[in-house]
Structure formats: C-alpha cells, structure tokens
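Please load the model in a viewer and keep the selection panel open.

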Amino acid sequence: MNTGLNRATSGLEAGKFAELRSKVNDLLYNEMLPFEKENGLSHETRFEREQLEEWWKRSRELGIYGCNLPEEFGGLGLSIDQLCTLKEDATRSNAALYGCVLGENGGPMRIGYIITQASDEQNEEFFYPAARGERAGCFALSEPNAGSDAARIETRAIKDGDDYIINGHKRFITASRTADFAIVMCVTDPDAGYDGVTAFLVDAKSPGYRIEGHYLPMSGQHIDNDIILENVRVPACNILGGLGRGFKLGMERININRLLQCPTMLGHAQFALEQAVDYSNRRVQFKQPIANFQAIQHMLADMKTANFAAHSMIHAAAAKADRGENIRTEASMCKVFVAENAFQVADKAIQIHGATGMTKNHPVEWVFRRLRMFRVLTGSSEIQRNTIGKGIQKAWQKANPEAAQ
C-alpha cells in the first residue's frame with residue numbers, strides 16, 4: 001500500500017491530454033447542455049441517482065470518468081495541473097450536470113488519492129466500482145460541533161470483537177444522498193488527540209445508517225444531507241489507512257481538495273466574465289453598446305485581471321503539488337484569493353447586466369449565489385488566513401531557530 005498522498009507526477013503526455021480535454025468539452029457542449037435544455041434541467045433540479053448514473057457511464061465510455069486516478073488504479077495518471085484545467089472547463093460550461101463528467105458526484109473525484117491508502121480488498125469492494133461509475137461514495141467529516149475545528153469530532157467507534165460499533169451524526173455531507181458508502185471519520189481513542197481519529201469505510205446499507213436533514217443552500221442545489229449512525233457495525237478490515245491515521249488522511253485530502261475547489265470557482269468566474277462581455281456588446285444604450293463606456297470597460301478589465309491572477313496562482317500551486325511538495329499554505333492562499341475574487345467577478349457581472357442580471361435564475365444571478373458559497377465551503381476565508389499566517393510563522397522560525405527560541 002502506497003502511503004504517500006502527494007506523489008510527483010508529470011501527468012498525461014501533452015498530445016493525449018489535448019485529446020482528453022477535447023472529449024470533455026465535446027461531452028459538455030454537444031451532449032450534456034443540449035440534453036439539459038431539451039429536458040428543462042437546471043442547477044436547482046433535484047437529480048436522482050439513476051439520472052447521475054447515466055452520465056457517469058457515458059463519461060466512462062469516453063474514457064473520461066476516473067481519469068484523475070493513478071494508472072495503477074485504472075486511471076490516466078493526470079497531474080494535478082491537468083486536473084485543474086479539466087475542472088475549470090467543466091464549470092465554465094455552466095452545465096447543471098457538469099459534476100458527472102469527472103465524477104464529482106460521489107465518484108473518482110471524491111476518492112482522489114485516498115485510493116492509494118486502501119487495501120486491495122477495500123479497492124475491490126468500494127473504490128474500483130466507484131471509479132467505473134458503478135458505486136458512489138462520500139467523505140463524512142463535518143458534524144454539528146465540528147466544522148472548521150475538525151479535531152472536535154464526536155462520532156465514536158468502539159471495538160467489539162472483530163468489528164467496531166459506530167455512533168454519531170455527520171452534517172452537511174456532500175453527495176451523501178446518492179452515495180453507496182461513506183468514508184467516516186471516527187474517534188477510536190479519545191485520549192490520543194489527533195492520533196485517536198480513524199477513517200472507516202461504511203456501507204450505506206448497513207443497519208443503523210440513514211440519511212436525514214435535507215438542506216437547500218442558497219445555490220438551490222440538492223447536494224447536502226446528514227448521515228446518522230446508530231450502532232452501525234463495521235468490520236475492522238474496513239479501517240482505511242490504518243488505526244489512528246484518519247485525521248492525517250483527512251487533512252491531506254483537504255489540502256488537495258481546497259486547491260481543486262479553485263478551478264471550479266474560476267470556471268464559474270470565467271463563465272460570468274464571458275456572459276458580461278457578450279451582454280455588454282449586445283446591450284445598446286444611448287445609441288451604442290454599453291461595452292463602449294469606460295465604466296463598463298474598467299469593470300471588464302478588473303474581472304479579466306482577477307481571473308488571470310487566479311489562474312496563475314492555481315497552476316503554480318498545482319505544479320508544486322505535482323512535484324510531491326507540501327501545498328498546505330499554497331492551497332489556502334489559492335482558496336482565499338480565488339473565492340474572494342471570483343465572487344467579485346460575479347458581482348461585477350450582475351452590475352453590468354443590471355436588472356436582467358438580478359432576475360431569479362438568470363445565469364449570472366445563479367453563478368453569483370454559487371460563488372458566494374465558496375467563501376465558506378471547504379474552509380472559510382478566515383480559516384484560510386489562519387493557515388497562511390501559521391505557515392508564515394513556521395517558515396520564519398525554521399529560518400531563525402535561535403531567535404525563535
């Protein structure tokens with residue numbers, strides 16, 4: 001079992017990656033978007049598992065689904081940098097089902113490099129089927145009293161013979177409603193601090209496992225629910241990554257996940273910019289397109305500049321991750337910068353569209369609501385600044401060991 005989550009990778013050869021990217025965009029623009037338009041589907045549609053599976057399978061047929069996974073696990077071994085490009089393309093399309101293309105609805109993107117931590121038996125039962133679009137999973141860490149402070153989780157797993165009995169309440173778990181299994185973070189040793197947290201693979205059909213708490217966020221998407229675990233019996237062989245290694249596993253996943261949220265935000269911001277450019281050139285006031293007015297030009301200039309800066313940050317951090325280096329501080333810098341600036345891009349898009357942009361379910365109105373959420377999701381901007389600040393102090397202390405004492 002490989003114990004390294006961040007592994008140096010050069011990714012797919014340039015020509016093959018260009019072909020893959022072309023496939024992704026062809027699926028988005030020539031199949032998915034026409035299908036959504038024909039069937040009246042939107043971001044606020046409550047998609048059922050069967051609807052998602054159709055697109056998982058179609059993506060798999062095209063050789064896209066699971067492409068983010070290492071080659072030895074059936075993927076294409078994409079670099080983080082290449083994956084960022086595909087994620088930006090997906091959200092830039094503004095397709096409601098974009099998450100099905102790369103498997104963000106409980107598939108390969110939810111698994112990510114955690115697959116390298118699994119035993120052969122765990123991969124056969126849980127992760128390989130998820131990589132093929134046959135099963136789906138979710139990651140259950142957050143709780144009513146443990147959000148940004150993940151160390152406060154209360155879900156307990158108590159040993160009982162060859163099994164563990166799990167009791168707890170996981171909250172706001174993305175993709176849990178349509179998941180076949182969950183990676184559940186539990187306390188196995190309450191006196192061991194971070195070393196007392198263990199990750200378990202829990203089948204959703206287990207007695208005592210149920211989904212509750214349907215939440216409708218401001219984006220209108222049906223994506224989050226609670227997982228209630230009452231005396232759920234899980235075999236010890238379902239421990240993922242080793243006893244007491246759950247917190248480390250979760251934090252490593254979060255670092256990569258924070259970075260990979262950024263191209264999603266950037267894709268939304270790029271879509272908002274494109275909509276604003278198109279609208280401002282078509283909207284005529286005072287006998288000329290409003291794009292001719294300096295006030296509009298300055299807003300568009302700021303939007304394009306913000307997107308370029310975000311793009312540069314994302315790919316610089318991704319390159320570092322691809323070298324196998326720790327990106328905890330860089331991931332947080334990207335997350336806070338992209339989240340704050342992408343939201344400002346959406347805000348300017350609303351301003352340029354005027355009353356049209358404020359109309360419920362107009363594309364830029366929806367993107368505005370969606371991007372507001374990202375200033376909180378996967379760690380709020382304030383938490384990211386805390387992480388960055390600690391990283392600055394740690395670097396200074398390392399460079400000045402005598403003064404630090």
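Begin by colouring domain 1 (14-132) and domain 2 (137-243) separately in this predicted model: each of them contributes at least three residues to the lining of the second largest cavity. To display that lining, select Gly106, Arg110, Ile111, Phe127, Gly137, Cys138, Phe139, Phe181 and Ile183.

At least two lining residues come from each of α5 (108-111), β1 (137-140) and β4 (181-187). Which element gives the largest share of the lining? That element is β1, with three residues. Colouring the lining of this cavity by class gives six nonpolar, two polar and one charged residues.

Now select residues 244-392, which an unreviewed UniProt entry lists as "domain: Acyl-CoA dehydrogenase/oxidase C-terminal". This stretch of chain is 77% helix and 3% strand, and its end C-alpha atoms lie 29 Å apart.

For the last stop, turn to the second largest pocket by selecting Lys320, Asn326, Arg328, Thr329, Glu330, Thr387, Lys390, Gly391, Ile392, Lys394, Ala395 and Lys398. Two or more of these lining residues come from each of α9 (328-353) and α11 (381-399). The largest share, seven residues, belongs to α11. The pocket holds about 390 Å³ of space, and its lining comprises six charged, four polar and two nonpolar residues.

Key
Residues are numbered from 1 along each chain as its sequence is written. This is a predicted model: local features need pLDDT of at least 70, side-chain atom pairs count only at pLDDT 80 or more; totals for chains, interfaces and linings use all residues. Side-chain values use heavy atoms; hydrogens and water are left out. On a 1 Å grid over the protein atoms alone, a cavity is a set of points where a 1.4 Å probe fits but cannot get out, and a pocket is an open set with protein on both sides within 12 Å along at least five of seven lines; lining residues have an atom within 4 Å of a point. Helices (H or I, at least four residues) and strands (E, at least two) are DSSP runs, numbered from the N terminus. Ala, Val, Leu, Ile, Met, Phe, Trp, Tyr, Cys and Pro count as nonpolar, Asp, Glu, Lys and Arg as charged, and the others, Gly among them, as polar. Domain bounds come from an automatic or database domain assignment. UniProt positions are given in the numbering used here, feature names are shortened, and annotations may be inferred rather than shown by experiment. Grid points are joined across faces, edges and corners, and a volume is the space filled by probe spheres set on the points.
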